[in-house]
Amino acid sequence: MNRFYLNKLIVSGGQHQSSIIEFNPGFNLIIGPSNTGKSFIMDCLDYALGASPSKTHPSKVLDANNGYELISLELTTQGGSVTLNRKIGDSKIEVISSDPSIKNGRYSAVSYTHLRAHETRRHL
């Protein structure tokens, strides 16, 4: 079974110091008072993994990025390490991998609504 583990989420760019969330092996909880960034962290994870915000699935990444420019997600797979870099507002994700089963390159993020429309047309 192919698995991956989150190592680190980095939000950087603009005139800001990078914000870094490090994950530990095993179960991680993101907890804290209201308005401290928990939802933003989850939106950043979704965005780095290819989510495309829409009217039905809005994202704080595009709306409230506070001048940040880049989201990086560092992962560990069974075959090595993978870093996903996605500029805020860009539909491309840069993949940097030491895992031989995952190719380096720039890939397009495809919206969920686009996939659902394609699947619906395929079944007609």
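Colleague: What follows H1?

Modeller: Directly after H1 comes Gly-50, and its phi is positive, near 115°.

Colleague: How many helices and strands does the protein chain have, and what pattern do they follow?

Modeller: The protein chain contains 3 helices and 6 strands, and reading along the sequence gives the pattern β-β-α-α-β-β-β-β-α.

Colleague: How should I read the way strands are joined, and in which order do they lie in the sheet?

Modeller: As a general idea, strands of a sheet pair through backbone hydrogen bonds, and they do so either parallel or antiparallel. In this structure 6 strands make an open sheet in the order S2-S1-S3-S4-S5-S6, with antiparallel pairing. S2 and S6, which spans 105-108, stand at the edges with a single partner strand each, so one side of each has no neighbour in the sheet. On average, and with direction ignored, neighbouring strands of this sheet are turned by 20° against each other.

Colleague: Over how many bridges do S1 and S3 pair, and how many join S1 to S2?

Modeller: S1 and S3 pair over 8 bridges in the antiparallel sense, and within this pairing Tyr-5 stands opposite Thr-76 in S3. S1 and S2, which also run antiparallel, are joined by 4 bridges, and Val-11 has Ser-19 in S2 as its bridge partner. S1 and S2 form a hairpin with 6 residues between them, and Gly-13 in the turn has a positive phi of about 110°.

Colleague: Which residue in the turn between S4 and S5 has a positive phi?

Modeller: That residue is Gly-89, with a phi of about 95°, in a hairpin that has 4 residues between S4 and S5. These two strands pair over 4 bridges in the antiparallel sense, and Thr-83 stands opposite Ile-96 in S5.

Colleague: How do I read a nonpolar core, and how many residues does the largest one have here?

Modeller: In soluble globular proteins, nonpolar side chains tend to be buried together. Here the largest nonpolar core has 20 residues, and those with the most contacts inside it include Leu-9, Cys-44 and Leu-84. S1, H1, S3, S4 and S5 each supply at least two residues of this core, and the largest share, 6 residues, comes from H1. The buried residues of H1, among them Phe-40, Ile-41 and Leu-45, pack against S1, S2, H2, S3, S4 and S5. With its neighbours within four places in sequence left aside, Leu-84 is in contact with residues including Ala-48, Ile-71 and Val-95.

Colleague: Where does pLDDT stay under 50?

Modeller: Where pLDDT is low, the predicted coordinates should not be read in detail. In this model pLDDT stays under 50 over residues 113-124, and the model has 1 contact beyond four places in sequence for them. The protein chain averages a pLDDT of 84, and 85% of the residues score at least 70.

Notes
Residues numbered from 1 in each chain as written. Predicted model: local features only at pLDDT ≥ 70, side-chain atom pairs only at ≥ 80, totals over all residues. Heavy atoms only, no water. Core = buried A, V, L, I, M, F, W, Y, C linked by side-chain atoms within 4.5 Å. Buried < 20%, exposed > 50% of the residue type's maximum accessible area, 1.4 Å probe, protein only. Contact = heavy atoms within 4.5 Å. Pairing = 2+ DSSP bridges. Axes fitted to C-alpha atoms, helices over the stretch in contact; angles between N-to-C directions. pLDDT = per-residue confidence, 0-100.
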